[in-house]
Amino acid sequence: ETADVVILGAGPAGLVLGNLLQASGVDCLVVERADAAQVRTRARAGFLAANTVRILDRHGLAEGLHRRGREHSVCEFRTQDGRFRLDYGSLGRGERHTVYPQQELVTDLLTHYQDAGGRISFRTEAVAVVGADGSRPEVTVRDPDGRPSRLSARYVAGCDGRHGAARRSLPPGAVRRHHLDHGLSWLGLLAQAPPSLDAVGYAVHPGGFAGHMARTPEVTRYYLQYQRGQAADAWSEQRIWDELALRMGAAEYGALHRGPIVQRAVVDLESDVLEPLRYGSLLLAGDAAALLSPSAAKGANLAVLEAEILADALVDDLAHGDARGLERYSAQCLPYIWRAQEFSQWMLRLLHGPSGPDAESLFHNALRRARLESLRTSRSQQDWFAEHYVGV
Ligand code: RFL
């Protein structure tokens, strides 16, 4: 089989790219390892930035999120010094989040793509990209029966995440990987329970960070800072709820709405950026291009932004013979990625402190307290926060 653009991965990056290419008449094929049902139900992100919604609007891909998503604009910090709220929707640029579960966005994108005649092969795993240094790259794949075959393309878009075939196919030294392991882990939870507060909740507690994020009226995401290496099922549901209640100050601020934990996964907090985001005819977008710690909810938003930039560049080249957009692609995306990394890192340091009783830990914790205090009291700090929190 052949296509002008073979897209690896049907996540937000791959499906936005597929939709935009399809709408411009560029011949493309999406190759996805999982089956369609898995793609439609994988719960992950949920907070879409205003710019992400503008991009999806521009291409007629936002109908579902306008119908079923909910606007969100308040976050609450809970610390040993008390709690405070930031109505970030009326600070900074006055932008809000749209809360829309990622699997619903992916489902909308997939439906739209297939209705427009877009081609996608599910249960087909990309094994490697070969010949990316030339003008006729190929993707070796294993079809649903495990049979190997080859797809040839003019360009391959690596949208297959951090463990995908695109990253694995980069020859040593071709691309630089900037990498930071934050040494922290979160237990990410989905609870079958309504949200416990009408805000994003960030609890900074001596026992560790805890987070609360609305998803739908029936399902809420929580995070608990968790010991690195500990199995996801090490804690009972009772222990999880008790720990969430403790760190979030439920005794003082109101009980949490408890319910069955329907999903749990350990996330080791790591960040990386590949530079450049291109190796010959292989282009990277989304988590394949850069991994962000989930502290500031930037990953899915960057994926959509990069997919739009990449689609424009590919259309310019394939439909109009103008390769300048592709030459600029990496340099155009990297400043957005690094700014998102910087803010995510700032959030991480706001939310976590070293736990030891040694002088250095105490110093860092005092700094963190000062940082929170300045966020609570300084209008210019709040404007800065709001601008970066909702922006990409
Ligand atoms: P995805 O969504 O991981 O999609 C990649 C797709 O590629 C497929 N694949 C392959 N297909 C063929 N051959 C192979 N060899 C393949 N290897 C992989 C996979 O099956 C999959 O379908 O990447 P994409 O499109 O780059 O999108 C990135 C986002 O999904 C990611 O950044 C966010 O989910 C990160 N993230 C969050 N981002 C936000 O903006 N806001 C949030 O609130 C937020 N919360 C989160 C998150 C990520 C989380 N996890 C699980 C890492 C919460 C969590 C718990």
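**View 1. Arg123 sits in the loop between β8 (119-121) and β9.** Helices (H or I, at least four residues) and strands (E, at least two) are DSSP runs, numbered from the N terminus. This is a predicted model: local features need pLDDT of at least 70, side-chain atom pairs count only at pLDDT 80 or more, and totals for chains, interfaces and linings use all residues. Residues are numbered from 1 along each chain as its sequence is written. The phi of Arg123 is near 50°, a positive value in a residue other than glycine. Most residues other than glycine have a negative phi, and most peptide bonds are trans.

**View 2. A cis peptide bond joins Glu275 and Pro276.** Its omega is about -5°. Pro276 belongs to the loop between β17 and β18 (278-279).

**View 3. Strands β9, β10 and β11 form an open antiparallel sheet, in that order.** Two strands pair if DSSP finds at least two bridges between them. Strands of a sheet pair through backbone hydrogen bonds, either parallel or antiparallel. The edges here are β9 and β11 (148-152), each pairing on one side only. Neighbouring strands of this sheet are turned by 25° against each other on average, direction ignored. Axes are lines fitted to C-alpha atoms, for helices over the stretch in contact; angles run from 0 to 180 degrees between N-to-C directions.

**View 4. β10 and β11 make a hairpin with five residues between them.** Strand β10 (residues 138-142) runs antiparallel to β11 and is joined to it by five bridges. Arg142 has Pro148 of β11 as its bridge partner. In the turn, Gly146 has a positive phi of about 85°.

**View 5. Eight strands build an open sheet with mixed pairing.** The order is β6-β5-β14-β15-β16-β13-β17-β20. At the edges are β6 (82-86) and β20 (290-291), each pairing on one side only. Helix α10 (residues 324-351) packs on the sheet. It touches β13 (176-191), β14, β17 (261-275) and β20. The direction of α10 makes about 130° with that of β17. Within the sheet, β14 (residues 200-203) and β15 (residues 210-214) pair in the antiparallel sense over three bridges. Ala203 has Ala210 of β15 as its bridge partner.

**View 6. The shell around the ligand holds 36 residues.** Gly9, Gly11, Ala45, Gly286 and Gly299 come nearest. A residue is near a molecule or strand if its C-beta atom, placed from the backbone, lies within 6 Å of it. The elements giving two or more residues to the shell are α1 (12-23), β9 (125-130) and α9 (299-320). The largest share, four residues, comes from α9. By class, the shell has 18 nonpolar, 11 polar and seven charged residues. Ala, Val, Leu, Ile, Met, Phe, Trp, Tyr, Cys and Pro count as nonpolar, Asp, Glu, Lys and Arg as charged, and the others, Gly among them, as polar.

View 7. Contact requires C-beta atoms, placed from the backbone, within 7 Å.

**View 8. UniProt places "domain: FAD-binding" at residues 3-343, in an unreviewed entry.** UniProt positions are given in the numbering used here, feature names are shortened, and annotations may be inferred rather than shown by experiment. The end C-alpha atoms of residues 3-343 lie 38 Å apart. That span is 32% helix and 30% strand.

Note on methods. Contact = placed C-beta atoms within 7 Å.
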